[in-house]
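User: I want to learn how to read a protein–ligand model. Please take me through it feature by feature.

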Amino acid sequence: ALPYDLAGVRVLISAGGTREALDPVRYLGNHSSGKQGYALARAASQRGARVTLVAGATSDPGDPAAVTVVDVDSAREMQREMTDRAREADVVIMAAAVADFRPVSVAGAKIKKGDSGPAPIVLDTNPDILAGLVTDRRDGKIASETVIVGFAAETGDEHGGVLDHGRAKLRRKGCDLLIVNAVGGGKAFGTEDNTGWVLSADGRETGLPFGSKTLMASRILDEVAQLVPDGRVH
Ligand code: PMT
């Protein structure tokens with residue numbers, strides 16, 4: 001039986017990839033399917049949480065029962081929804097693959113082939129949503145007890161390199177938990193299965209068994225539940 005340890009806890013999750021428009025028909029995107037974030041939403045809801053899912057582009061994993069789903073497109077839209085809704089959350093989990101860059105401008109009409117060859121795509125930096133949430137919590141815009149969880153998608157061959165990057169990212173982003181996935185070579189993005197580690201700001205490191213994204217979600221929520229103060233029911 002599933003533990004019912006998140007009863008009444010307000011959990012906000014981002015899932016899927018952002019799309020950064022180039023023109024009315026084209027965008028820069030990534031291979032996130034949303035499956036990991038959706039699995040988290042479903043598992044949290046089954047454990048009694050009140051779940052809101054902010055979903056970018058997905059391979060349509062099917063909306064989970066009893067979960068509020070908010071669809072977004074770009075990183076900046078996702079940032080608005082996550083930042084506003086984090087004020088009403090006890091736990092925030094950033095499982096989305098957010099584009100770090102976006103085209104500086106969006107052409108009003110479809111870009112034509114032209115005579116002078118392909119036009120360069122000039123990029124601007126997107127806001128870091130996760131880092132912004134941590135700053136908002138520090139500045140008191142988000143309750144200090146709010147648990148903030150990030151993911152890290154790291155390419156690398158051997159586990160040591162991936163974990164080292166994860167540890168550095170945990171310190172840099174300042175969240176409470178960081179879920180490290182090894183990606184690249186067909187891993188994690190778009191797959192049914194996943195594996196990795198949960199790194200916690202207090203130095204604990206827990207390996208996650210290879211298995212379905214549902215199993216991964218339940219192991220992650222075991223760690224999250226330990227950080228949620230007792231009696232946090234709204
Ligand atoms: O969707 P699936 O196909 O199921 O695949 C799942 C997944 C591999 C996408 C997921 O498990 C995952 O790892 N998500 C995070 C991917 C990512 O963007 O990692 P990152 O190392 O670039 O970013 C680190 C963290 O900062 C993430 O929590 C990310 O959501 C967040 N971020 C990143 C950039 C940005 N501009 N703003 C952010 O908030």
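User: How many helices and strands does the secondary structure of the protein chain come to?

Analyst: Helices (H or I, at least four residues) and strands (E, at least two) are DSSP runs, numbered from the N terminus. Here the protein chain has five helices and twelve strands. Its radius of gyration is 18 Å, close to the 17 Å of the globule rule for 234 residues, so the chain is as compact as a globular protein of that length. That radius is taken over C-alpha atoms, and the rule is 2.2 Å times the number of residues to the power 0.38. Along the principal axes, the C-alpha trace spans about 65 × 40 × 35 Å.

User: What is the mean pLDDT of the protein chain?

Analyst: This is a predicted model: local features need pLDDT of at least 70, side-chain atom pairs count only at pLDDT 80 or more, and totals for chains, interfaces and linings use all residues. Residues are numbered from 1 along each chain as its sequence is written. pLDDT is the predictor's confidence in each residue, from 0 to 100. Where it is low, the predicted coordinates should not be read in detail. In this chain the mean is 93, and 96% of residues reach 70 or more. For the complex, the predictor gives an ipTM of 0.99 and a pTM of 0.96.

User: Which residues come nearest to the ligand?

Analyst: A residue is near a molecule if its C-beta atom, placed from the backbone, lies within 6 Å of it. The shell has 26 residues, and Ser33, Lys35, Met94, Ile129 and Leu130 come nearest. Helix H1 (35–46), helix H3 (129–138), strand E9 (147–155) and strand E10 (177–183) each supply at least two shell residues. The largest share, four residues, is from E9.

User: How do the shell residues divide into nonpolar, polar and charged?

Analyst: Ala, Val, Leu, Ile, Met, Phe, Trp, Tyr, Cys and Pro count as nonpolar; Asp, Glu, Lys and Arg as charged; the others, Gly among them, as polar. The shell has 14 nonpolar, eight polar and four charged residues.

User: Which residues does UniProt list for "binding site"?

Analyst: UniProt positions follow the numbering used here, feature names are shortened, and annotations may be inferred rather than shown by experiment. The unreviewed UniProt entry lists Asp100, Lys110, Pro127, Asp128, Ile129, Leu130, Phe151, Lys169 and Lys173. They spread over 74 residues of sequence, and up to 37.8 Å in space between C-alpha atoms.

User: Is Leu130 buried or exposed?

Analyst: A residue is buried if 20 or more other C-beta atoms lie within 10 Å of its own, exposed if 12 or fewer, and partly exposed in between. Leu130 has 26 such neighbours, so Leu130 is buried. Its place is in helix H3. By contrast, Asp128 is partly exposed because 17 other C-beta atoms lie within 10 Å. Asp128 sits in the loop between strand E8 (123–125) and H3. Over the whole chain, 41% of the 234 residues count as buried.

User: What does Lys169 touch, not counting residues up to four places away in sequence?

Analyst: Two residues are in contact if their C-beta atoms, placed from the backbone, lie within 7 Å. On that count, Lys169 touches Ala152 and Leu178. Lys169 is in helix H4 (residues 159–173). Across the chain, among contacts between residues at least 6 apart in sequence, 66% join residues at least 24 apart.
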